[in-house]
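Please examine the sequence and the model before reading the solutions.

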Amino acid sequence: MADTAPSKPTACLALADGTVFYGVGFGATGQTVAELCFNTAMTGYQEIMTDPSYAGQIVTFTFPHIGNTGVTPEDDETANPVAAGMVVKWDPTLASNWRSTEELKSWLTRTGRIAIGGIDTRRLTRVIRQQGAPHVAMAHDPDGNFDVDALVAAARAWSGLEGMDLAKEVTCAQSYRWDEMRWAWPDGYPRQEAPKHKVVAIDYGAKRNILRCLASAGCDVTVLPATATAEEVLAHNPDGVFLSNGPGDPAATGEYAVPMIKTILDTTDLPVFGICLGHQMLALALGAKTIKMNHGHHGANHPVKELETGKVEITSMNHGFAVDAQSLPEGVTQTHVSLFDGSNCGIRLSGRPVFSVQQHPEASPGPQDSFYLFERFAEAMEARKTVDA
């Protein structure tokens, strides 16, 4: 079979240290600057690209067969891709899936996301693991004209995710109700018609499937923007408060999120459940600290141990910051740890139905080992009602 590759590269990925990768561009044309990470999941590239937690990041997919299931609106975690770009080993394969409604290439073009194929993703992943998540500039030009020096300079000039509050950029503009439950054959997404618990979900960049899991656990969900105050939360008279996933530096988002959470904890006995950035927000509100990781955790194969039971869960993760376990104050217990590096993956406030985890237990994409956490949240709300009665 004849080589159909273009005579010269049509995309370029430049790292801040001067390393340059050339490849075949697809999706939108132009240039973008971001932090580069890698994701080891074998499925779910659409969910990953539309996960608001990836704001400010370009994703390198270590699995080579990207594009083979196409895309479908049903799998979007938010309306459009949020990740800044995509890096893959091979030019995307044509879609071959009965649920597909569009090819990956056309979807990226339509939604304005730059992508590059033909990259040695193993080499690139080694760079990220050894040197930390680099700042990069990526360009796609069908004519293959690149100012490499300017791209390297743009990567070096980018300020990075530390100190960056991205939750405000991806949160909802106004509050809304959510009653859609998890996908099930053959009807798709059923509606929750008999909810038992009123939950206010704070949207720091919430994935739709996390909201669906809350609804499937019996929750009537009202979603509020990231900047919601405690007064606005309590005005809905909730049975519990949920803190969602999201992107950026938790310390920056905590400037306005932490005072709200502290007020909820100090003035009510409401159950509180946090995931990912929400986990970090809760930890900060309880007096702990967060740290920037070398290359973060991004994938659907991360083993997490629940310390109380000894059970090991295989989880889906996406985070570049972590709660510093050494900073947990008295009365806050570490409940989960990563078996990859020992980093903190969960906390609980002693004597209170207040807990959080770093992983994404809704498993989109990824295994479903951690869904019990949504049920634990629902059980905590039910127990509170029983005591009050």
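A salt bridge is a side-chain nitrogen of Lys or Arg within 4 Å of a carboxyl oxygen of Asp or Glu. The model is predicted: local features need pLDDT of at least 70, side-chain atom pairs count only at pLDDT 80 or more, and totals for chains, interfaces and linings use all residues. Residues are numbered from 1 along each chain as its sequence is written, and side-chain values use heavy atoms, with hydrogens and water left out.

**Exercise 1.** Determine which residue forms a salt bridge with Glu 180, and describe the surroundings of the pair.

*Solution.* 
Step 1. The partner of Glu 180 is Arg 191, with the closest N and O atoms 3.9 Å apart.
Step 2. Both residues lie in the loop between E8 and strand E9 (197-203), so the pair ties together parts eleven residues apart in sequence. Strands (E, at least two residues) are DSSP runs, numbered from the N terminus.
Step 3. Shared partners join Asp 179, Glu 180, Arg 191 and Arg 212 into one network of salt bridges.
Step 4. Buried means under 20% relative accessible area, exposed over 50%, and partly exposed in between (1.4 Å probe, protein chains only). Glu 180, at 13%, is therefore buried, whereas Arg 191, at 47%, is partly exposed.

**Exercise 2.** Identify the strands linked by the salt bridge between Arg 177 and Asp 220.

*Solution.* 
Step 1. The closest N and O atoms of Arg 177 and Asp 220 are 2.9 Å apart.
Step 2. Arg 177 belongs to strand E8 (residues 176-178) and Asp 220 to strand E10 (residues 219-225), 43 residues apart.
Step 3. Arg 177 is exposed, because its relative accessible area is 58%.

Terms used:
Helices (H or I, at least four residues) and strands (E, at least two) are DSSP runs, numbered from the N terminus.
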